[in-house]
Amino acid sequence: MALRACGFVIFRRLAQHPPPDNIEFLLLQTSYGEHHWTPPKGHVDPGEDDFTTALRETQEEAGLGKDHLRIVDGFLQRLRYQVRGKDKEVLYWLAELSDPNTQVILSEEHQDYRWAKLEEACKLAKHEDLQDTLTAAQRHLETQGKQ
């Protein structure tokens, strides 16, 4: 059975910039391994549903709870890859930080965080499937704004 993790691609809108240049994504840098950058996510606990996992992990890793987030309808990305020879599946929902000035509070699992526009976020993310997820999130937000 594949390892399963869930999380949120979190973004904020900057009032001083016009769309689409006003969107920044939150990436956390791990304090272990290769110190890779990723949105908040984590493994599903036994008996826990995927969405609850995403909320719990975001609270644990970034100090952002359900009250800080507005979930964006119609966006769910499923990534599949291998970690140390085991299949892994990650589900990401999209959420906006309600107050763009809310402070991120990192857990011990992470050593840094960054709010980054799409181009910088993709450079930090390194993995193509995560870059594709961030790009899909940006497109989804731009398309939503034109409806």
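**Close-up 1. The largest pocket holds about 730 Å³ of space.** Keep in mind that this is a predicted model. If you want to find the middle of the pocket, look for His36, Lys41, Tyr81, Val83 and Lys88, which lie nearest its centre among 29 lining residues. The elements that give two or more residues to this lining are β1 (3–13), β3, β4 (41–43), α1 (50–62), β5 (69–83), β6 (86–97) and α3. Which element gives the largest share of the lining? That's β5, with 4 residues.

**Close-up 2. Asp50 and Arg4 pair up in a salt bridge.** Their closest N and O atoms sit 2.7 Å apart. Asp50 belongs to helix α1 and Arg4 to strand β1, so this pair ties together parts that are 46 residues apart in sequence. Arg4 is partly exposed, at 26% relative accessibility.

Close-up 3. Asp45 sits in the loop between β4 and α1, while Arg56 is in helix α1, and the pair, 11 residues apart, links distant parts of the chain. Is Asp45 buried, partly exposed or exposed? With a relative accessible area of 36%, Asp45 is partly exposed.

**Close-up 4. Arg114 and Glu120 join side chains in a salt bridge.** The N to O distance is 3.2 Å. Arg114 is partly exposed at 31% relative accessible area, and Glu120 is partly exposed too, at 33%. Elsewhere, salt bridges with shared partners connect Arg4, Asp50, Arg78, Arg80 and Glu89 into one network.

**Close-up 5. His35 has a positive phi, near 55°.** You'll find His35 in the loop between β2 (23–30) and β3 (37–38). His35 is partly exposed, with 32% relative accessible area.

**Close-up 6. Lys126 also has a positive phi, near 65°.** Like His35, Lys126 is a residue other than glycine. Where does Lys126 sit? Look in the loop between α2 (118–125) and α3 (128–145). Lys126 counts as exposed, because its relative accessibility is 66% and the cut-off for exposed is over 50%.

Notes:
Residues numbered from 1 in each chain as written. Predicted model: local features only at pLDDT ≥ 70, side-chain atom pairs only at ≥ 80, totals over all residues. Heavy atoms only, no water. Buried < 20%, exposed > 50% of the residue type's maximum accessible area, 1.4 Å probe, protein only. 1 Å grid on protein atoms, 1.4 Å probe; cavity = no way out; pocket = protein on both sides within 12 Å on 5 of 7 lines; lining within 4 Å. Points joined across faces, edges and corners; volume = space filled by probe spheres on them. Salt bridge = Lys/Arg side-chain N within 4 Å of Asp/Glu carboxyl O.
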